[in-house]
Amino acid sequence: MSEAALAPASSALADALAIARYHIVLVAMTACVVFGWLMTGRYLPLVALVVGLDWFLINLMNRITDIDEDLKNGIRGTERVARQKRLLTVGSVVLMGGSFVATHLVWPGLTPFRIAVQVIGLAYNYNIVPTLRGFSRLKEIYFLKNFGSSVLFVLTCFVYPLVTSPGARVMPWSGIVCLALFFVPFELTYEILYDMRDLEGDRQEGIPTYPVVHGPHRARQIIDGLLVGAAGILVAGIVAGAIGLREGLMLVAPATQLAFYRPRYRRGLTSHDCIVLTHLGTAQLVFYLVGTTIWQRAGMPANVFL
């Protein structure tokens, strides 16, 4: 096939990956496998596929509803979404309905939590949230915009594995709570960094992100505070005995986040930076899972508690 023929196909694939926000789907699926293994002692690839599907649907609906904003921010694939908005909307509804039937047959206990995830996703993307000024989107409500996303990650990466593996829990609830409390502020740093990238478009659309409301400098301070807070939660969990040194290895994640984003913040964050940062998170999760598994299979202690 000639280079001229390959170019449109390559462009279409790149647009499709951007529209699906595959980097977010991938990191959510990987986090589900890692935290699922820590909590249940099992690898849960099928559950991770459901997580990937739910995040794909949420991201796709977000792309459909944010066309104007994404055009202003120069987000790849937006023109294609605008041209196929109706088809993508119908396809999302059909895929969601069919997947609910399929997963309910296998894990009926998962259905209420999948409904909760998709309702939060709908509330994030559509004007269905009642406020004093009428109906709005979570995306247009200060604080809830970012916090809602972190709740989705906790549901899909912590609750889904536990619900689909009843009786398999090997980690005490104190440890699970500690990891979830660590994950929330750490995940919020991703949200704010993406908002920094989208600052101009969000400002024009009136989206009350931290960078829009407080300015980039204050938003950077919030990110640093969240990273320190996330690390502090892990340290407190280790000292209290809720988690061991195995989970404490996740302290590398906030340190890596800080080292990666600071120089890029100074010269201006780009879409590529945010995607690479997300892939870096996925890579760390994979390295953690592989490394700890090899360690354990080599006959070394599974964990060490202070």
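Modeller: Let us begin with one residue of this predicted model: Leu144 lies in helix α8.

Biologist: Why is Leu144 called partly exposed?

Modeller: Its relative accessibility is 32%.

Biologist: What makes up the nonpolar surface patch?

Modeller: Tyr142, Phe143, Leu144, Phe147 and Val213 make it, with an area of about 410 Å².

Biologist: Why is the pair of Phe153 and Phe183 called tilted?

Modeller: Their ring centres are 5.9 Å apart, and rings pair if their centres lie within 6.5 Å. The planes stand at 55 degrees; under 30 degrees would count as stacked and over 60 as edge-to-face. The pair is therefore tilted. The structure holds 10 aromatic pairs.

Biologist: Why is this pair said to tie together parts that are apart in sequence?

Modeller: Phe153 belongs to helix α8 (residues 144-164) and Phe183 to helix α9 (residues 173-197), so the contact joins parts 30 residues apart in sequence. Both Phe153 and Phe183 are buried. Ring pairs also link these two with Phe35, Trp55 and Phe158 into a cluster.

Biologist: How do you know that the span of α9 agrees with its number of residues?

Modeller: At 1.5 Å a residue, its 25 residues should span 36 Å, and the end C-alpha atoms are 37 Å apart, which agrees. Helix α9 is also mostly covered, with 20 of its 25 residues buried.

Biologist: What makes the contact of Asp54 and Arg114 a salt bridge?

Modeller: Their side chains meet at 2.6 Å, N to O, and the cut-off is within 4 Å. The contact therefore meets the rule for a salt bridge. Asp54 is in helix α3 (residues 45-65) and Arg114 in helix α7 (residues 111-125), 60 residues apart. Asp54 and Arg114 are both buried. The charged end of Arg114 also sits over the ring of Phe100, 4.4 Å from its centre.

Biologist: How do you know that Arg203 and Glu200 are separated by about one helical turn?

Modeller: They are 3 residues apart in helix α10 (residues 199-205), which means about one helical turn. Arg203 has a relative accessible area of 41% and is partly exposed; Glu200, at 44%, is partly exposed.

Biologist: Why is Asp198 called buried?

Modeller: Its relative accessible area is 8%, and buried means under 20%. Asp198 is therefore buried, and its side chain meets that of Arg197 in a salt bridge (2.7 Å, N to O).

Methods:
Residues are numbered from 1 along each chain as its sequence is written. This is a predicted model: local features need pLDDT of at least 70, side-chain atom pairs count only at pLDDT 80 or more; totals for chains, interfaces and linings use all residues. Side-chain values use heavy atoms; hydrogens and water are left out. Rings of Phe, Tyr and Trp (its six-membered ring) pair if their centres lie within 6.5 Å; planes under 30 degrees apart count as stacked, over 60 as edge-to-face and the rest as tilted. Helices (H or I, at least four residues) and strands (E, at least two) are DSSP runs, numbered from the N terminus. Buried means under 20% relative accessible area, exposed over 50%, partly exposed in between (1.4 Å probe, protein chains only). A charge sits over a ring if NZ of Lys or CZ of Arg is within 6 Å of the ring centre and within 35 degrees of the ring normal. Patches are made of residues with over 30% relative accessible area and no salt bridge: like charges are joined within 9 Å, nonpolar side chains (Val, Leu, Ile, Met, Phe, Trp, Tyr) within 5 Å. Accessible areas come from the Shrake-Rupley method with a 1.4 Å probe; for residues, only the protein chains shown count as cover. The expected span of a helix is 1.5 Å times one less than its number of residues.
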